[in-house]
Amino acid sequence: MFESAVGDRSAPTLSQLADAGTYRRAVTTFPSLTPVCLTSIATGAHPNVHHIPHLVWWNRQERRIVEYGSSFGAIRAAGTRRSIRDTIVGMNRDHLSKDAETIYEAAERTGLTAAAVNITCYRGPHRYLPTVPGIAPATFGPRRFFFYNLYESDPIGAPLAVRDRAHGSVDEYAAAAGRWLVTRDGFDLLVYYLSDIDFASHLHGPDGVREQLVKTDGSVRALVDAAGGLDEFLERYAVLVCSDHGQTHVDRAVRLQDHVRSSDTVTASNRAGMIYTDAPRVAAASLDPVEGVDATFFLEDGAVVARRRGDEDAALLDEYPLGRERVTAALQNPNAGEVLVSAADGWEFADLAGLHHAGGGSHGSLTTGDSEVPILGVGIDPPARTIDVKDAMLSTLRPPVT
Ligand SMILES: [Zn+2]
């Protein structure tokens, strides 16, 4: 959709940026789900380093399910205090590995000012209280920090972000924050996350988001206009535009829980599943006949076993973009299940509530459609993996951050 909308210039700002820069496709991490992918972008690492395993996972220390929800809006709709806490604070404060360094921490340790707008991975050195007292605990973000009206480093007077998700007010909030930041040139490094395109793609499918992409283009335009035009914008900033994951059509869903032993714990949603089990091979084998399962992966004596319909062959990993690297890193995450499950084309795994996006779009698997992302650099060489975005951006700062 990005390539098509830039090709026929229906996304005018992205088209102008493409004229000025270099474009390629890049590969994201696995599972190709938002909390995992955004954390990989922000930390420059796969989940073996940052420890965020999935949208939903089993916390072995606390012996409970952690559920981040498929979007902030979904969490609001679900309304559980614990999920809100896990998503907006726990992910950054408790679940994100202390050994990972965020792009904001890296920039600010050298005295630069980092900014984050709406991105779920935001850990930084500054403490923030919520804008509405008592609604959430204190959290730590970069010097400039705007998170769905919940935390704001500076009073920008933007309207509430989450009240009307379907009409795009989340990105409108982001644009208000972005406009404020660019108008003041209030940062050395800005990470600006526009999530409405993912929301629309789940609903309408990846081919049904042209209208939303034009709106998303407008949210990029807001930054350009705040600088006084494209030339002024590009004179001031190097720019990297990318997605955190792809999306593919889904028309069927399966509950993995129905196919494994009841003593196993399944966490699944979108197009990736995990099984927490003391018998990985047994659990993987029990999914051999399940049509919606493309492949299963587990570790045996430290080596990755890749299994499809009863056949075990490591060469299977090479069928996917960076398959070997991504599966190994996902399995080496201490918070991941013992078995990882990647969905077959057109299939989704129902979540704990039995919900899915059949008839729309989804992502999470190892397949190319879920894993490949557009990446466009202006003044930055676009890297081939999203885990290299962090270093690519830091190297453009003056002086460069290493
Ligand atoms: Zn999504």
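Predicted model: local features only at pLDDT ≥ 70, side-chain atom pairs only at ≥ 80, totals over all residues.
I begin with helix 2, which spans residues 12-20. Four of its residues, Thr 13, Leu 14, Ser 15 and Leu 17, are buried. What covers them?

Two packed helices are described by the angle between their axes and the distance between the axes. For helix 8 (residues 169-183) and helix 10, the axes come within 7 Å and cross at roughly 20°. An angle under 35 degrees counts as roughly parallel, and the two helices are therefore roughly parallel to each other. The crossing of helix 8 past helix 10 is right-handed. On the helix 8 side, the contact is made by Asp 171, Ala 175, Gly 178, Arg 179, Val 182 and Thr 183. These meet Gln 212, Thr 216, Ser 219, Ala 222, Leu 223 and Ala 226 of helix 10. By class, this contact has five nonpolar, five polar and two charged residues.

Finally, I turn to an open sheet of four strands, with the order 8-7-4-9 and mixed pairing. Which strands stand at its edges? They are strand 8 (151-152) and strand 9 (189-192); each has a single partner strand, so one side of each is left without a neighbour in the sheet. Strand 4 (residues 114-117) pairs with strand 7 (residues 144-147) in the parallel sense, over three bridges. As one detail of the sheet, Val 117 has Phe 146 in strand 7 as its bridge partner.

Notes: Residues numbered from 1 in each chain as written. Heavy atoms only, no water. Buried < 20%, exposed > 50% of the residue type's maximum accessible area, 1.4 Å probe, protein only. Axes fitted to C-alpha atoms, helices over the stretch in contact; angles between N-to-C directions. Parallel < 35°, antiparallel > 145°, perpendicular 65-115°, else oblique. Left-handed = near helix turned anticlockwise from the far one by under 90°. Contact = heavy atoms within 4.5 Å. Nonpolar A, V, L, I, M, F, W, Y, C, P; charged D, E, K, R; others polar. Pairing = 2+ DSSP bridges.
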